[in-house]
Amino acid sequence: RRRGSKGWMAYCSSNQFNSAFVLVLFGAVLLLSSLDVQPARVADVRWTRSDDGRRPAAVTSEGPRAEDARLRASLPANRPAVGTCESLECAARLGVSEPSWVDLTFQPRIDWRGGGVRGDCVAGELEYIMPKYCSPRAKTAGGWPSEARLREADVHASGLPQAGLGELAALLGGKTLLVMGDSVMEQFYNALQCFARKEELELPLPAAFEADLERQRPLWMVGKRKMAPKLPVQTRGGMRMLFSRAIKYESEDLTAAMATSNVLVINWGLHYHKMDQYREDLHAAFFRLNEHAAKQGNAVLFRETGAQHFKTSDKRGYGGHGEWERRDKSTDAHCSCAPIEDFGVNRQNGVLHEVLGTGRYPHVRILPFYGLTRPRWRWHFGNCTHRPDRWNYDTCCDCTHFCYSPGMWRAHLHDLVSGIS
């Protein structure tokens, strides 16, 4: 406005406007300049790297003016948004957001025999959360944090819209939901199982459901993995749920999955290390999933890959992208997870947004997850040595899987319900 006023003043002088008009106009400009007008918050643009340059992968409007987000999203490729950090020198490190009383550390090892607990970290897997948090009647905490304490500790989920499983069950009455993915995806499915029991929606498995599972089993025996879905749940209202462990795209398994379910929630990501292969597999899968999702009553949501927070080495002693492949291997012996940088965007999600950004698969929807997990660098298992399954028995350092938080998973469930509806 000030620059505009100078331009107008010069124009008025050069054209010999009368002095009274100039004074009135100048006074109006001064009045407007004195007003306390705050600029609209600029939308946060998350950038990805692709073979053809940099472009926005997703736009999240944090302020009241959505036009700012649309403006930023329309920037041409290879032109970074104003204020976007692209180097270590300007990147901001995540800090500690939780209250001081929250006990989230990475040492010593999790007490597996004592219920998978270390301080306020409870291993977020079914055998550890079901006895503690999934009863319709709240249990008195005995050596583990109460659900109320976890809700208060998880500042990252506070303020986010959350949903109960009843909302999902009402939406999918008479339909089958198949959740497919790796062990992090199984943590989400375990939370859904927990909510089904806690909300008293879980029913004894009907004979008809068991018969359908047996009838569909040969479909899952065709491919390399030969693993049928597990952990079936039937809810009031007729929704069926299943989980299928899969870390990469397998054509035969996808055929079986589409024959088994109406609604598919999928993630393959963390186990892909070559992005060209990931891109090729997503195109192949989405071509088929798009047809499945286009049918009446069906839906397909592909979930973003969650953030990892493995400690890495850079010239400031921390940071990076948090990926296991780039970890500081000294932490295998003494585990410590770490914050990741503001500019560090997950590679797999960059490819995912690129593929769906082509517009060739309009019926396949993205289920957000990276943003929910990115600030949770303190919410990992950390020292997970001496696990009962003996995985990496003496060198287990886990900055991938998450300590249980009902708020986190209910926020994710809300995104799922919204995506389906």
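The model is predicted: local features require a pLDDT of at least 70 and side-chain atom pairs a pLDDT of 80 or more, while totals for chains, interfaces and linings use all residues. Residues are numbered from 1 along each chain as its sequence is written, and side-chain values use heavy atoms, with hydrogens and water left out.

**Overall fold**

- The protein chain has 13 helices and 13 strands; helices (H or I, at least four residues) and strands (E, at least two) are DSSP runs, numbered from the N terminus.
- Of its 421 residues, 49% count as buried; buried means under 20% relative accessible area, exposed over 50%, and partly exposed in between, with a 1.4 Å probe and protein chains only.
- Among contacts (heavy atoms within 4.5 Å) with a separation of 6 or more, 72% are between residues 24 or more positions apart.

**Helix H10**

- Helix H10 covers residues 275-294, and its 20 residues should span 28 Å at 1.5 Å a residue; the end C-alpha atoms are 27 Å apart, which agrees. The expected span is 1.5 Å times one less than the number of residues.
- H10 bends by about 25 degrees at Phe286, the bend being the angle between axes fitted to the seven residues ending there and the seven starting there.
- Phe286 is also one of the buried residues of H10, which include Met275, Tyr278, Leu282, Leu289 and Ala293.

**Packing of H7 against H13**

- Helix H7 (residues 183-198) and helix H13 (residues 406-420) pack at an angle of about 95 degrees, with their axes 10 Å apart. Axes are lines fitted to C-alpha atoms, for helices over the stretch in contact, and angles run from 0 to 180 degrees between N-to-C directions.
- The two helices H7 and H13 are therefore roughly perpendicular, a term for angles of 65 to 115 degrees.
- On the H7 side the meeting residues include Phe188, Leu192 and Phe195, and on the H13 side they include Trp409, Leu413 and Leu416.

**Salt bridges**

- The whole structure holds 16 salt bridges, each defined as a side-chain nitrogen of Lys or Arg within 4 Å of a carboxyl oxygen of Asp or Glu.
- Glu98 pairs with Arg378 in a salt bridge whose closest N and O atoms are 3.0 Å apart. This pair links distant parts of the chain, 280 residues apart: Glu98 is in the loop between helix H3 (66-73) and strand S3 (117-118), and Arg378 is in the loop between helix H12 (370-373) and strand S12 (380-383).
- Glu98 is buried at 7% relative accessible area, and Arg378 is buried at 12%.
- Arg149 and Asp120 form a salt bridge at 2.6 Å, N to O. Arg149 lies in helix H5 (residues 147-153) and Asp120 in the loop between S3 and strand S4 (121-122), so the pair ties together parts that are 29 residues apart in sequence.
- Arg149 is partly exposed at 31%, whereas Asp120 is buried at 3%.
- A network of salt bridges links Glu125, Arg387 and Asp389.

- Leu178 lies in strand S5 (residues 176-181) and counts as buried, with 0% relative accessibility.
- Beyond neighbours within four places in sequence, the contacts of Leu178 include Trp220, Phe243, Ser261 and Val265. Leu178 and Ser261 are 83 residues apart in sequence but 5.9 Å apart in space, C-alpha to C-alpha.
- His309, in the loop between S10 and H11, is buried at 0% relative accessibility.
- Leaving aside neighbours within four places in sequence, His309 contacts residues including Cys337, Trp377, His380 and Cys399.

**Backbone features**

- The peptide bond from Gln107 to Pro108 is cis, with omega near -10 degrees; Pro108 is in the loop between H3 and S3.
- Glu200 has a positive phi of about 55 degrees although it is not a glycine. Glu200 sits in the loop between H7 and strand S6 (202-203) and is partly exposed at 48%.
- Lys226, in the loop between helix H8 (207-220) and strand S7 (230-235), also has a positive phi, near 55 degrees.

Definitions and conventions:
Angles under 35 degrees count as roughly parallel, over 145 as roughly antiparallel, 65 to 115 as roughly perpendicular and the rest as oblique.
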